Amino acid sequence: MPAIELIDSRIADWRIGLVDTIADNASSAGFALGSARIDPNSADLRRIGAVTAG
């Protein structure tokens, strides 16, 4: 299924190292999942589009 991770930091000014970020999942705000389920081997990732809004 399509998925996207929403990134944000709970640390002010992103003053956190990579190891710290990974250790406590400090840069994850959430995720969104699509409804269509397909075999990943059948998808041509070069042809899959996405639209984001800011």
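The protein chain has 1 helix and 2 strands. Read from the N terminus, the elements run β-α-β. The model is predicted.

**Fold and surface**

The chain holds 54 residues, and buried residues make up 9% of them. Contacts also say something about the fold. Take the contacts in the protein chain with a separation of 6 or more: 46% of them link residues 24 or more positions apart. The protein chain exposes about 5000 Å².

**The largest pocket**

Rolling a probe the size of a water molecule over the atoms shows where empty space is left. The largest pocket has a volume of about 180 Å³. Which residues line the largest pocket? Met-1 and Pro-2 take part in the lining. So do Ala-36, Ile-38, Pro-40, Ala-43, Leu-45 and Ile-48. What classes of residue does this lining have? It has 8 nonpolar residues, no polar residues and no charged residues.

**Salt bridges**

How many salt bridges does the structure hold? There are 2. One joins the side chains of Arg-46 and Asp-44. Another is formed by Arg-47 with Asp-44. The table gives the N to O distance for each pair.

| Pair | Distance, N to O |
|---|---|
| Arg-46 and Asp-44 | 3.1 Å |
| Arg-47 and Asp-44 | 3.5 Å |

Are the arginines in these pairs buried or exposed? Arg-46 has 76% relative accessibility, which is over 50%, so Arg-46 counts as exposed. Arg-47 has 71% relative accessibility, so Arg-47 counts as exposed by that cut-off too. Asp-44 has a relative accessible area of 29%. That value lies between 20% and 50%, so Asp-44 is partly exposed. Salt bridges that share partners join Asp-44, Arg-46 and Arg-47 into one network.

**In brief**

The predicted model shows a chain with the element order β-α-β. Its largest pocket is lined by 8 nonpolar residues, among them Leu-45 and Ile-48. Its salt bridges number 2, and Asp-44 pairs with Arg-46 and with Arg-47.

Key. Residues are numbered from 1 along each chain as its sequence is written. This is a predicted model: local features need pLDDT of at least 70, side-chain atom pairs count only at pLDDT 80 or more; totals for chains, interfaces and linings use all residues. Side-chain values use heavy atoms; hydrogens and water are left out. Helices (H or I, at least four residues) and strands (E, at least two) are DSSP runs, numbered from the N terminus. Buried means under 20% relative accessible area, exposed over 50%, partly exposed in between (1.4 Å probe, protein chains only). Contact means heavy atoms within 4.5 Å. Accessible areas come from the Shrake-Rupley method with a 1.4 Å probe; for residues, only the protein chains shown count as cover. On a 1 Å grid over the protein atoms alone, a cavity is a set of points where a 1.4 Å probe fits but cannot get out, and a pocket is an open set with protein on both sides within 12 Å along at least five of seven lines; lining residues have an atom within 4 Å of a point. Grid points are joined across faces, edges and corners, and a volume is the space filled by probe spheres set on the points. Ala, Val, Leu, Ile, Met, Phe, Trp, Tyr, Cys and Pro count as nonpolar, Asp, Glu, Lys and Arg as charged, and the others, Gly among them, as polar. A salt bridge is a side-chain nitrogen of Lys or Arg within 4 Å of a carboxyl oxygen of Asp or Glu.
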